[in-house]
Amino acid sequence: MTQSRSSAVNWVFLGDSLTEGVGSERVSHVTELVKQLRADLDGVGGSPLVHHMRLRTVDPGSFDRFVQFNVAGYMNVDVKERCAEALWIWNLACEGRTIETDFKWLPLIASIRPELVVIFRGSLESIIRPAMLQDGSWPMWVPRSWRSYSAMDPRCYFSSSSWRRMKQTAVDSLKQRMRSSLLRSRPGRPLMDLELLGEHYDRLVTELAKLDTRIVMLGLLPVGRHFPESASYFERVNQRLRNVATSRGVDFFDWANQLALDGYDKLFYRDTFHPNVDGAQKLAQILRHHLGNGMNR
C-alpha cells in the first residue's frame with residue numbers, strides 16, 4: 001500500500017440483508033471478504049491490517065429506554081501485529097431498508113473519504129409480492145401479522161431443535177401456499193417501482209461521484225423458485241441498473257455470471273434468495289478478483 005491521503009484505506013458497502021448478512025454470524029460476501037483478505041495478508045511482513053465496522057440505523061424509541069441511540073454497530077479489529085496502515089471495511093447495509101435510506105449515510109461516507117463504494121441494491125425492492133401489500137385489500141382470512149412485506153417470505157433455514165423445526169416447517173409451508181394463492185388471484189407488484197428505483201440509484205451514484213471515489217454497482221443475483229414471477233423482473237431491473245451505470249460512467253458488475261450454474265442452488269439458503277456460507281465465500285472471491293487485491297492506492 002502506497003502512502004496517500006492517510007494511513008487508512010476505506011471501503012464502503014451499501015445494501016440490504018444480502019449485504020448486511022443473515023443469522024448471528026451475519027453471513028454475507030462482506031464478512032467473507034474480510035476473512036479472505038486477512039488470510040491472504042496473514043504472515044506478510046508489514047502487511048496492512050483489515051478492520052471490519054458494521055453499522056446500522058436503529059429506532060431511538062425502541063432500542064434503549066433511557067439513552068437515545070440511532071445507530072448500532074459492531075467493530076471487529078484485526079489482531080495481527082500492529083501496522084501503520086489499515087484497510088477499513090464499512091458495512092452500512094441494513095435488512096429491511098430500501099435504497100432511499102442510503103442517503104442518510106452520505107455525511108459519514110464523505111467524512112471518511114472512501115477509495116471504494118460498492119452498492120448492492122434492488123433485490124429487496126424488486127421481489128414481486130402480493131398486490132394487497134400496496135393497497136391494503138387483504139382477504140379477511142390473512143392474519144394481520146402476515147401482512148407486512150416480508151412476513152410470508154420463506155425462511156432461510158429451520159431450527160436444529162426438532163420440535164421447533166416441525167412448527168417452523170408447518171407455518172412456513174402454510175405461508176408459501178397462501179402467498180402463491182394471493183399472487184394467482186391478482187398480479188403481484190414489487191416493493192418499489194422500477195423507475196423510482198432507477199431514480200434513487202442515479203441520484204445516489206451522482207452524490208457519491210462527488211467524492212472522487214471508485215463506485216461499483218453490483219447486479220442482482222438470480223432469484224429462486226420460492227419467489228414466483230420475480231426472476232424475469234430481476235432481469236429488467238439489471239438492465240435498468242446497467243443504464244444508470246453507463247450514463248454515470250461507473251462500474252456495473254454482473255457478478256452472477258461468474259457463479260457456476262452447476263450446483264447453483266447449493267450456494268443459497270433454502271429461501272433461494274440469501275447466499276449461504278458457501279455462496280458468500282464464492283461471491284467474495286468473485287468480487288475480490290474484480291476489484292484486484294485492493295490494497296494499492
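Six bridges join strand β1 (residues 8-15) to β4, and the two strands run parallel; strands, here and below, are DSSP runs of E with at least two residues, helices are runs of H or I with at least four residues, and both are numbered from the N terminus. Two strands are taken to pair if DSSP finds at least two bridges between them. The model is a predicted one, in which local features need pLDDT of at least 70 and side-chain atom pairs count only at pLDDT 80 or more, whereas totals for chains, interfaces and linings use all residues. Residues are numbered from 1 along each chain as its sequence is written, and side-chain values use heavy atoms, with hydrogens and water left out.

Strand β4 itself (residues 86-91) is mostly covered, six of its six residues being buried, where buried means under 20% relative accessible area, exposed means over 50%, and partly exposed lies in between, as computed with a 1.4 Å probe on protein chains only. In a regular strand the side chains alternate between the two faces of the sheet. In β4, Ala86, Trp88 and Trp90 point one way while Leu87, Ile89 and Asn91 point the other way, and all are buried.

Not counting residues up to four places away in sequence, Ser28 touches Leu18, Thr19, Glu20, Gly21, Asn91 and Ala280, contact being defined as heavy atoms within 4.5 Å. Ser28 counts as buried because its relative accessibility is 2%, and Glu20, one of the residues that Ser28 touches, is buried at 2% as well. Gln285, which lies in helix α10 (residues 277-291), is by contrast partly exposed at 43% relative accessibility; Gln285 and Glu20 are 265 residues apart in sequence and 17 Å apart in space, C-alpha to C-alpha.

Helix α9 (residues 230-248) has 19 residues and reaches 27 Å from its first C-alpha to its last, close to the 27 Å expected at 1.5 Å a residue, the expected span being 1.5 Å times one less than the number of residues. The buried residues of α9 are Ser230, Tyr233, Phe234, Val237, Asn238, Leu241, Val244 and Ala245. Seen down the helix axis, these buried residues fall within an arc of 150°, so they line one face of α9; the arc is that of the directions from the helix axis to the C-beta atoms. An α-helix has 3.6 residues a turn, so residues three or four places apart point the same way. The face turned away from the buried side of α9 carries the exposed residues Glu235, Arg236, Thr246 and Ser247. The cover over the buried residues of α9 includes α5 (123-126), β6 (128-129), β7 (189-190), α8 (194-209), β8 (214-218) and β9 (251-253). After α9 comes Gly249, with a positive phi near 70°.

A search of the whole structure finds 15 salt bridges, each defined as a side-chain nitrogen of Lys or Arg within 4 Å of a carboxyl oxygen of Asp or Glu. One of them joins the side chains of Asp202 and Arg248 at 2.9 Å, N to O. This pair links distant parts of the chain, with Asp202 in helix α8 and Arg248 in helix α9, 46 residues apart; Arg248 is partly exposed, with a relative accessible area of 41%. Asp251 forms a salt bridge with Arg214, the closest N and O atoms being 3.6 Å apart. That pair also links distant parts of the chain, Asp251 in strand β9 and Arg214 in strand β8, 37 residues apart, and Arg214 is partly exposed at 36%. Salt bridges that share partners join Glu20, Arg26, Arg56 and Glu95 into one network. Within it, Arg26 forms a salt bridge with Glu20, with the closest N and O atoms 3.4 Å apart, and Arg26 counts as buried at 14% relative accessibility.

The structure holds zero disulfides, a disulfide being a pair of cysteine sulfur atoms within 2.5 Å. Cys94 is in no disulfide, and the nearest cysteine sulfur, that of Cys156, is 15 Å away, which is too far for a bond. Cys94 is buried, with a relative accessible area of 4%, and Cys156 is buried at 18%.
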